[in-house]
Amino acid sequence: MPISFTRENSLFRLTTKNTLYAFDIVKGKLIHRYYGKKAGAVVKTFADEPGDVWSFAPYAKEGEVYFSLDTQPLEYSCFGSGDFRTTALRIKNGAGNSVTGFDYVSHKIRKGRVEIPNIPCGRADERTQTLDITLRDTASGCELHLYYTVFYDCDVISRYASVTNKSGGDVVIEKWMSLALDLPGHNYDVVSLAGAHCFERVFNERTPVFRGNLSMCSRRGASSHQMNPFMAVCDRKADENHGDVYGFNFVYSGSFLNEVEGDQTGKTRVQVGLGEENFNYRLKDGETVFAPEAVMTYSAKGFGPMSRNFHHFTNDHIVPEKAKERRPVVLNSWEAFYFDIDENIMVDFAAAAAECGMDMVIMDDGWFGARVNDKAGLGDWYVNKNRFKEGLAPYVERVKNTGVKFGIWVEPEMANPDSDLFRAHPEWCIRCPERPMSYSRSQYVLDMANPEVIEYLKGMFEETFRGVPIDYFKWDMNRHISEPGSMYLGAEDQGSMEYRYMQGVYSLFKWFRETYPDAMIENCSGGGGRYDLAMMAVCSQIWTSDNTNARTRTLIQYSSMLAYPASVMSCHVSNPHGNMHELDLKYKVAVNGVLGYEFNVLKTPEEVKEEIRRQVKEYRTFDRVITDGEYYRLSSPYESDVSAYYIELGDQILLSAIHTNGKAVIGKKKPCTKLAVRTADANATYRDTRTGMTVTGEQLKKGIEIGEFAPDESGWDAKLWHFVKE
Ligand code: DGJ
């Protein structure tokens, strides 16, 4: 049983394949005891180790000076009740103060999991179990449930919570973290995936834990390019294969907060939860609300297993079952034509996709309303009859007659001020009526907290897509939320607008998936601006970045794989300008994820088309290795002049080395001349399907020489091997 409770010492034990998590109940509080390796772990309880006495640390009962919430390792700490560290929950009660304190009442061990209303969460399987603990705050009259769901096989434990107001009046939740963990010691580094538009998720920094609070957050109403919800806390010496690494993530796409705080007692508090600054959730009497799911994993052997645990979790419990189907190789119109599309161009484009052996053509932005540039038309989801004279259905039939499937771009959450939608309903946009609205990409954000807006969008899409056989939607989102205010919600509910916005967005995703069950959805937010687990749960894959330069993409993709699997990483080859070396480099970079193409192949030389045909055919021989295999990093592009990894699935190994321009971003450059596939079968012989070369498993384990690169003028080149066991 993954979850057990022993009454004699009030100890909960949560086990996964390789890890153990434990805490006990002491004087009504949940005291954290252990998170780490399973083998041989003896867990001490409070009776064995009561903790030290610290001056200025408040205690609840005269004579019990040794038991202070300020110094104990707590499972979930509340504001104002004697813990001066950063806390997980702050509720303002009817009396107007925010002191919060919950005590254990009871618990249940449930099969499966507890679903979170209108927010995606990990899918349970037959081994999934959930510990549901009920706590009560008698002073505020609220009930708290802390949930621990164990995903046994991938070594992941999740945390989420719900609050029910039983006070007889309103209360306001002011801060709410889903996960809190007190680790022993300060000797850790924190790794996050901060970035920017066109340079998302950079894995090139480690920040030491100190006596203070490190906070990493998004205040943008989106998980964002600028800061990703993933974070790791690791041994100062941890590397790819050694050291303790704790990985954390949040299954949510809105504003979030990750905190790591070193305290006076030498402990480190880690918290993951909802962004605090614009969160004030008024909970009416009798209502219940949930904090989204946060996940954690532990690896005793460095970053490699941490990444693989999260890859497994995402593939097995997050991405929709539909995404397990083979991913199509697509040709996208955006970097080929930008807004200049029409029926004839797109039908020719589809024919070129078919000629190159691709599966699908994607019609990106520019097909609807007055959308001939980014200044107008967003929100008007009816086809532009100047460009598609007979409407969508006959045009899509022509596309399909070329032999490819059809995908279409939408950006449901937005409106240009120059749109029929905005002219008719200015109050449907997020705004504070007493202030001017900021523009971003000449557009405003629709108030997805307003059910009327959601219903309107459903009606429009329903009408426009009726009878059109769509195989794929690209769902984009191209600005963040400023002046956060809702004209639909009352004054007391403004602080819940962002949370309700996300619930509205997820409900519209649900509608798309139910209305078009055979279509897949690719998520995009100006590239990878919502590259998070919740979006992965409602889509099949995510457009990794608007930056399709092979050099920057190498860095972005390397970093993204720290937390997310290759199966969700959409990677397109952009215009090689007839340069065969560039085409080869871009292809070898793009095969790190789900391959596609995005340039005007109508104007491309025959030899380029010929090579694309060959690439697509080759990709299909190892695409399953990429989407379903085990991923091992070999060399970081930030630390050496080679970015290298291999992915293994059954008898196949895909090995990649990309020669970068020789600079090391972190520390001294680490040389990389050999690539060791340490999980290869020592007794087997492998043949590289690309060159016919054979090597023994023993040689692969020891490492094969990369050999000479043939760099272009920018200093870049790439090599790829596809080994199959003979
Ligand atoms: C931003 C996306 O990232 C691009 O791929 C493209 O779809 C444009 N939006 C279209 O406006």
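In the predicted model, the count of salt bridges comes to 59. Among them is the pair formed by Arg159 and Glu75, whose closest N and O atoms are 3.4 Å apart. This pair links distant parts of the chain, since Arg159 belongs to strand β9 (residues 156–165) while Glu75 lies in the loop between β4 (29–37) and β5 (89–92), the two being 84 residues apart. Arg159 has a relative accessible area of 1% and is therefore buried, buried being defined as under 20%. Glu75 likewise counts as buried, because its relative accessibility is 0%.

A further salt bridge joins the side chains of Glu259 and Lys175, with an N to O distance of 2.9 Å. Here, too, distant parts of the chain are linked, with Glu259 placed in strand β17 (residues 256–262) and Lys175 in strand β10 (residues 171–184), at a separation of 84 residues. Both partners, Glu259 and Lys175, are buried.

Arg371 and Asp365 also form a salt bridge, in which the closest N and O atoms are 2.8 Å apart.

How values were computed
Residues numbered from 1 in each chain as written. Predicted model: local features only at pLDDT ≥ 70, side-chain atom pairs only at ≥ 80, totals over all residues. Heavy atoms only, no water. Salt bridge = Lys/Arg side-chain N within 4 Å of Asp/Glu carboxyl O. Helix = DSSP H or I, 4+ residues; strand = E, 2+ residues; numbered from the N terminus. Buried < 20%, exposed > 50% of the residue type's maximum accessible area, 1.4 Å probe, protein only.
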